[in-house]
Amino acid sequence: IEKASPNISLSAQPVTITKESVTVEVNVQAASGIRRMRLLEGDRTIRDFANAGTTINNNRFMVNTNGTYTVYVRTNAGNESVKTIIINNIDQIKPTLKITPSLLGKTNQNIDLAIEANGTGSNIVVTKWAYGEQSAEVFTNGGTILTKLTNSSITHTHDGINPSYSLAISQNGTYTLYTRDEAGLETINTI
């Protein structure tokens with residue numbers, strides 16, 4: 001006779017920021033074996049699984065969006081248990097770049113570009129610029145990184161999810177700005 005509720009443990013991979021799905025592994029300890037294993041989104045109770053839930057196969061399930069997920073297990077002896085896991089490392093929103101020139105129109109002076117990157121939930125890993133209209137591939141190994149350099153017209157004011165930069169422009173033409181967040185999502189803007 002089994003009187004104990006099943007012991008459920010959940011682990012997610014990867015645990016770092018990702019733009020891909022997260023796999024959740026379900027480990028259950030139940031002496032009489034598992035009769036039913038189900039999943040519902042949200043923080044749920046045993047009662048919520050009476051007539052609901054997606055069957056979990058092979059002791060794992062995939063998650064495509066951040067949120068709370070509850071796993072329900074019923075043993076062959078009829079004992080029940082639930083366990084929740086919070087997934088908060090999926091980022092599928094591209095970062096943004098806002099570029100504001102200090103002057104509009106004709107001038108004989110340098111123009112400063114105020115550049116604001118927004119990681120939309122993830123930290124910005126790199127922000128670069130290049131002269132001309134460029135594609136993302138150019139920035140794989142090229143472009144100039146925007147960072148704080150001594151005696152330079154390029155300055156980087158802070159790190160993290162919303163870093164700001166300034167770039168002094170002294171030549172007419174098109175400039176391409178590129179940013180990538182820690183999930184690997186990229187954005188390109190031209191001015």
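Keep in mind that the model is a predicted one.

**Stop 1: the largest pocket**

Begin with the pocket search. Its largest pocket has a volume of about 320 Å³. To centre your view, select I111, I169, Q171, N172 and G173, which lie nearest the centre of this pocket among its 17 lining residues. If you colour the lining by class, you will get eight nonpolar residues, eight polar ones and one charged one. As background for this stop, rolling a probe the size of a water molecule over the atoms shows where empty space is left.

**Stop 2: strand β6 and T75**

Next, select residues 67-75, which make up strand β6, and pick out T75. Is T75 buried or exposed? T75 is at 0% relative accessibility, so it counts as buried. Now show what surrounds T75: beyond its neighbours within four places in sequence, it is in contact with E2, P6, A30, S32, G33, I34 and R35.

**Stop 3**

A pair of aromatic rings is described by the distance of the centres and the angle of the planes. In the whole structure, four such pairs turn up. One of them joins F49 and Y72: the rings are stacked, with 5.0 Å from centre to centre and 15° between the planes.

Now move to W129 and Y175. This aromatic pair is tilted, with 5.9 Å from centre to centre and 40° between the planes. Here, too, distant parts of the chain are linked: W129 sits in strand β10 (residues 124-131) and Y175 in strand β14 (residues 175-181), 46 residues apart. With 18% relative accessibility, W129 falls under the 20% cut-off, so it counts as buried. Y175, at 7%, is also counted as buried.

**Stop 4**

Select E25, in strand β2 (residues 22-29). How exposed is E25? Its relative accessibility is 30%, so E25 counts as partly exposed. Show the side chains of E25 and R60 together: they make a polar contact at 3.3 Å. Leaving out neighbours within four places in sequence, E25 is in contact with S9, L10, S11, N59 and R60.

**Stop 5: backbone details**

Switch to a backbone view for this stop. Most residues other than glycine have a negative phi, and most peptide bonds are trans. With that in mind, go to P14 in the loop between β1 (7-13) and β2. The peptide bond from Q13 to P14 is cis, and its omega is near -5°.

Then select N58, in the loop between β4 and β5 (60-63). N58 is not a glycine, yet its phi is positive, near 55°. This residue is exposed because its relative accessible area is 68%.

T120, in the loop between β9 (111-118) and β10, comes next. T120 has a relative accessible area of 27%, so it is partly exposed.

**Stop 6: S122 and D91**

Finish with S122, which is also placed in the loop between β9 and β10. With a relative accessible area of 0%, S122 is buried. Which side chain makes a polar contact with the side chain of S122? Select D91: the contact between the two side chains is at 2.4 Å. To complete the view, show the residues in contact with S122 beyond its neighbours within four places in sequence, which are I17, D91, I161, D181, E182 and A183.

Technical notes
Residues numbered from 1 in each chain as written. Predicted model: local features only at pLDDT ≥ 70, side-chain atom pairs only at ≥ 80, totals over all residues. Heavy atoms only, no water. 1 Å grid on protein atoms, 1.4 Å probe; cavity = no way out; pocket = protein on both sides within 12 Å on 5 of 7 lines; lining within 4 Å. Points joined across faces, edges and corners; volume = space filled by probe spheres on them. Nonpolar A, V, L, I, M, F, W, Y, C, P; charged D, E, K, R; others polar. Helix = DSSP H or I, 4+ residues; strand = E, 2+ residues; numbered from the N terminus. Buried < 20%, exposed > 50% of the residue type's maximum accessible area, 1.4 Å probe, protein only. Contact = heavy atoms within 4.5 Å. Phe/Tyr/Trp six-rings, centres within 6.5 Å; stacked < 30°, edge-to-face > 60°. Polar contact = N/O pair within 3.5 Å; in protein donor to acceptor, adjacent residues only side chain to side chain.
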